[in-house]
Amino acid sequence: MSFNTLGLSEPILRAIKEQGYSEPTPIQKQAIPIILSKKDVLAGAQTGTGKTAGFTLPLLQRLSEGVPAKGKRHVRALILTPTRELAAQVAESVETYGKHLSFRSTVIFGGVSINPQITTLRRGVDIVIATPGRLLDHVGQKTLDLSKVEFLILDEADRMLDMGFIHDIKKVLAILPKQRQNLLFSATFSNEIKRLADDLLNAPVLIEVARRNKAAESVRQVVHQVDRERKRELLSHLIKDGDWKQVLVFTRTKHGANRLTTQLEKDGISAAAIHGNKSQTARTKALANFKQGAVRVLVATDIAARGIDIDQLPHVVNYELPNVSEDYVHRIGRTGRAGNEGEAVSLVCVDEDEYLRNIEKLIKGSVKKVVIKGFEPDPSIQAEPIQQRSAGRGGNRSRSNSGGGNSRQKSTTSATRNDSGRNGGGRPSTKQRSRDSHRGTR
Ligand code: AMP
């Protein structure tokens with residue numbers, strides 16, 4: 001089944017094609033036609049299922065079909081998320097899939113100055129992606145008018161409830177117009193979610209797709225513990241020894257991706273890097289060479305790797321573990337697709353133990369640990385904070401700021417991620433965590 005039959009317009013289909021998606025995922029197949037038929041939806045879908053495109057694509061379609069109320073540009077769609085990371089990711093998807101349309105979107109969360117957000121809102125936006133706390137601050141200050149919202153989407157609603165946002169959500173619901181389309185996405189359906197759904201949704205269609213863990217069953221996961229200075233050597237060894245022909249390798253930083261690429265080349269392994277500092281042409285070329293087998297290793301950052309869709313990719317390597325655990329699931333989901341077996345190898349040094357624990361908590365299981373002979377970790381090596389060692393100035397997961405009217409917003413995003421400590425690896429300070437949980441912007 002292709003995207004063409006789902007009822008999406010040409011500018012949206014073009015954006016999908018440019019992302020390299022060949023086929024809708026199960027959640028997209030189900031959700032898109034239902035949302036286009038103007039019904040409310042209660043969807044059970046986890047991260048990694050393609051849920052974001054599952055609601056963003058039909059939302060953009062519905063927005064372009066509708067006739068906005070006269071006058072200044074106003075907020076027509078509101079997407080609420082539990083965390084700032086998710087808000088930023090969803091905002092990026094809205095931009096990506098809507099790049100051939102003329103909607104303006106912005107992301108709003110706490111922990112950063114409110115003033116740039118006010119300036120953006122004053123200019124007028126069609127789509128707001130927000131965490132509840134800061135959203136309500138804007139409403140309170142009358143810097144955001146939600147009286148003409150036509151679409152409300154709650155993403156990861158279960159996490160929102162877990163984080164204590166129910167009152168904030170209710171406050172938001174109370175100020176929205178009654179006539180609107182509602183979409184509620186949640187990984188789980190607790191009684192609390194069912195109650196929220198009863199309050200919020202009008203004759204919803206229920207959609208459920210297989211749990212993410214199912215998809216991951218076709219991926220063999222393994223951790224090789226190794227000293228931080230020997231990771232490159234171990235990677236070259238694994239590639240050569242296993243005669244791996246096509247490997248997608250993840251690094252946390254753009255600089256790290258470049259450095260690793262150069263080092264692999266020195267080891268006689270053809271490699272190319274893709275990340276936000278590379279031009280689109282360079283990225284497309286690297287990807288094409290990789291797909292054709294002209295380049296054996298593609299080294300990518302998380303953001304750049306989104307949308308890379310390679311059939312039968314046998315090996316994914318986490319050269320460095322991601323600091324956002326969900327990214328691990330995204331990364332390993334690149335292999336083991338469409339019924340093929342895949343292997344996800346993580347090279348983990350002592351600095352990353354906490355990341356590994358968080359990942360194992362998220363995937364609800366421990367990953368098999370195998371020490372490779374000759375690469376046994378030196379127990380005398382102490383853990384070092386990751387940020388100091390590798391991030392450098394500007395952070396290590398900043399998003400591309402090239403082009404686009406709201407680059408300011410985006411750069412704010414990357415700064416936030418740094419400030420919160422999630423960007424560079426350290427855990428957020430207690431103060432930060434407590435502030436976040438109160439403000440609802442984690
Ligand atoms: P999500 O579940 O929304 O977090 O999406 C998980 C990942 O799947 C994201 O990196 C998307 O870029 C990617 N993705 C979404 N839809 C598709 C598709 N139809 N084909 C391939 N990849 C997709």
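Colleague: Which residues come nearest to the ligand?

Modeller: Of the 17 residues around the ligand, the nearest are Y21, Q28, G48, G50 and T52; a residue counts as near if one of its heavy atoms lies within 4 Å of the molecule or strand in question. Keep in mind that this is a predicted model, where local features need pLDDT of at least 70, side-chain atom pairs count only at pLDDT 80 or more, and totals for chains, interfaces and linings use all residues. Residues are numbered from 1 along each chain as its sequence is written, and side-chain values use heavy atoms, with hydrogens and water left out.

Colleague: What classes of residue make up the shell?

Modeller: The convention takes Ala, Val, Leu, Ile, Met, Phe, Trp, Tyr, Cys and Pro as nonpolar, Asp, Glu, Lys and Arg as charged, and the others, Gly among them, as polar. Here the shell has nine polar, five charged and three nonpolar residues.

Colleague: Why does the ligand lie between domain 1 and domain 2?

Modeller: Domain bounds come from an automatic or database domain assignment. Both domain 1 (3-208) and domain 2 (213-442) give residues to the shell, so the ligand lies between them.

Colleague: And how far is the ligand oxygen from the side chain of T52?

Modeller: A polar contact is a pair of N or O atoms within 3.5 Å. An oxygen atom of the ligand is 2.6 Å from an N or O atom in the T52 side chain. Polar backbone atoms take part too: one of E23 is 2.8 Å from a ligand nitrogen, and one of T49 is 3.0 Å from a ligand oxygen.

Colleague: Let's turn to the sheets. What is the strand order in the open sheet that contains β1?

Modeller: Strands are DSSP runs of E, at least two residues long, numbered from the N terminus, and two of them pair if DSSP finds at least two bridges between them. This open sheet of seven strands runs β3-β4-β2-β5-β6-β1-β7, with parallel pairing. Its edge strands, β3 (105-108) and β7 (205-208), each pair on one side only. Within the sheet, β1 (residues 41-44) and β6 (residues 181-186) share four bridges, and A43 has F185 as its bridge partner in β6.

Colleague: What about the sheet with β8?

Modeller: Its seven strands form an open sheet, β10-β11-β9-β12-β13-β8-β14, with parallel pairing. Each of the edge strands β10 (271-274) and β14 (368-369) has a single partner strand, so one side of each is left without a neighbour in the sheet.

Notes. A polar contact is a pair of N or O atoms within 3.5 Å; within protein, one must be able to donate a hydrogen and the other to accept it, and residues adjacent in sequence count only if both atoms are side-chain atoms.
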